[in-house]
Number of protein chains: 2
Amino acid sequence: MAVYTDVSDEELAAFVAGYDLGTLVSFKGIAEGVENSNFLLRTQAGQYILTLYEKRVNEGDLPFFLGLMDHLAAKGLNCPTPVKAKSGEALGRLADRPAAIVTFLDGMSVRRPRVSHCTQVGEVLADFHAAGRDFDLTRENALSVSGWRPLFDLSRERADEVLPGLRNELERELDALEACWPRDLPTGVIHADLFPDNVFFLGETLSGLIDFYFACNDLLAYDLAICINAWCFEPDRQFNVTKARAMVAGYQRRRPLSKAEQEALPLLARGSALRFLLTRLYDWLSVPPGALVVPKNPLEYLYKLRFHRDVTSLAAYGVA
Amino acid sequence: MAVYTDVSDEELAAFVAGYDLGTLVSFKGIAEGVENSNFLLRTQAGQYILTLYEKRVNEGDLPFFLGLMDHLAAKGLNCPTPVKAKSGEALGRLADRPAAIVTFLDGMSVRRPRVSHCTQVGEVLADFHAAGRDFDLTRENALSVSGWRPLFDLSRERADEVLPGLRNELERELDALEACWPRDLPTGVIHADLFPDNVFFLGETLSGLIDFYFACNDLLAYDLAICINAWCFEPDRQFNVTKARAMVAGYQRRRPLSKAEQEALPLLARGSALRFLLTRLYDWLSVPPGALVVPKNPLEYLYKLRFHRDVTSLAAYGVA
């Protein structure tokens, strides 16, 4: 939940006057997103989301993110679309921060995904990959294999505070993944953060995707591995093979995985688990004592990592 | 800003099904209110606010608050109106807390009030007092003169940590106010928290009031004194007599103050300053070290208190 920046009414009115949206009717900070400040904005023209990009977002990446949303929407994917100001620009400045207005997307995220949700996430992920194919900007994935060791180094000395032996386990894991990370699988624009928070449903039907602020160019099958970790484990830590099978089948109905991609899935899922483990570990160790915002427990992803490391057959993911 | 409670999609859908509002379209936590969890709810029927009442609100007071909103709206005051469930009840239960859905009010609060805003606040406060006159529930003001000493006792030993000498100054102030607090002024339902956050404007025109969760029965002129403190001081701590004159004139256009009420204004304003000083002092001393939510500085209200204590003539408030 996030409103990090206070916006005065005068500043806001001046900002909105730069758009063809009529006058302001309502403005409320919303508890959504962890990197940026988000506001629900109503004007005479309708309902929008105003985002102020806080310092964790690299300003140089914003044309990629906003351009991608535009591109995806033009391809028919349901996602927020940046609104252009009268100047023609989608990216503005408000309260001394980069700021953008995007269209409001109806729908709600699910807290406890069921099999039918996983099927639809597989399908929409393949649609996303297809829609991103001819997007002409690129962004490197700073959180892919080459970024993990520097990230680990920030937490390495204190890793055992979270779990005795964690430091050694992560070092071995990094060695293994760096040695055999696949280099020749199909690449493209990936979402890289398609957690349940970022997928909207209306009733039982998937209605759209949000939050493209981790999108980047990387292995397409790695994106599917991220989704398997995010959607297919139960709260009791058990892997739900029925959900994984549904998700992979949904994906393959739209974009069949190559044999090499299928065989790489256990490794990609291990790597994805390590990536989220490392960022959560860092956040966990960085939180000030007494803080009201409790970071997510990194160990959730350690158990996922161990599951994938122990997999001996693709049948574990329901892949024939 | 406030979302203290997580609501699952299943619980929410079941709750909304108890109302004649159609199906859910969107649900977002909003950063508004400090006592409760508030969500923006869109259904096929329109846009609403869902409030979950957290433990700082006494459940026994909720029929008063919700009934008051209903009563005020029926009298033509623009404020959120509780939506009744199919059962006929406005108060329900969600995520193990009392919960209510109210109508959505357009408008925005101002951060830097101008004179014209103060005029309108004076007017609407008198309208509020008139509309509340025949409301048949009552609620004692726990934060009026008899409640201040017990509240002070919670912070007394540590008051000097905030400012050396504060403990003695507050003790003298309590003695003085308890001795001469007026007992025979007109009473009725007061808002008791009509800060800029709780007044909405559309363009330059006041469009409505929100947040009735401090409303209670008390001296009507005390409510005006609360507004004078909340609206008529500048960020540099200077009292703006033009704003106060505008506010009192706005109020008196709708409900003339008696001579006794006018003469009591400096004392009521002192008391109101003490009341907010004491709650802020308590919050200030109770916040855990390192917390991300920084409470409001209690000393703002000490300077206001001192101003009113030093007033020698009603002309200081622009009252003829």
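The model is predicted, so local features need pLDDT of at least 70, side-chain atom pairs count only at pLDDT 80 or more, and totals for chains, interfaces and linings use all residues. Residues are numbered from 1 along each chain as its sequence is written, chains are lettered from A and ligands numbered from 1 in the order in which they are written, and side-chain values use heavy atoms, leaving out hydrogens and water.

**Exercise 1.** Work out how α4(B) and α9(B) are oriented to each other.

*Step 1.* Find helix α4 (residues 145–153) and helix α9 (residues 259–286) in chain B; their axes are 10 Å apart, at an angle of about 30 degrees. Helices here are DSSP runs (H or I, at least four residues), numbered from the N terminus. Axes are lines fitted to C-alpha atoms over the stretch in contact, with angles from 0 to 180 degrees between N-to-C directions.

*Step 2.* Angles under 35 degrees count as roughly parallel, over 145 as roughly antiparallel, 65 to 115 as roughly perpendicular and the rest as oblique. So α4(B) and α9(B) are roughly parallel.

**Exercise 2.** Find out how α6(A) sits against α10(A), and who touches whom.

*Step 1.* In chain A, helix α6 (residues 166–180) and helix α10 (residues 299–310) have axes that come within 13 Å and cross at roughly 45 degrees. That's why α6(A) is oblique to α10(A).

*Step 2.* Look for contacts (heavy atoms within 4.5 Å). Leu166(A), Glu169(A) and Glu173(A) of α6(A) meet Leu302(A), Leu305(A), Arg306(A) and Arg309(A) of α10(A).

*Step 3.* Sort the contact residues: 3 nonpolar, no polar and 4 charged. Ala, Val, Leu, Ile, Met, Phe, Trp, Tyr, Cys and Pro count as nonpolar, Asp, Glu, Lys and Arg as charged, and the others, Gly among them, as polar.

Conventions. Helices (H or I, at least four residues) and strands (E, at least two) are DSSP runs, numbered from the N terminus.
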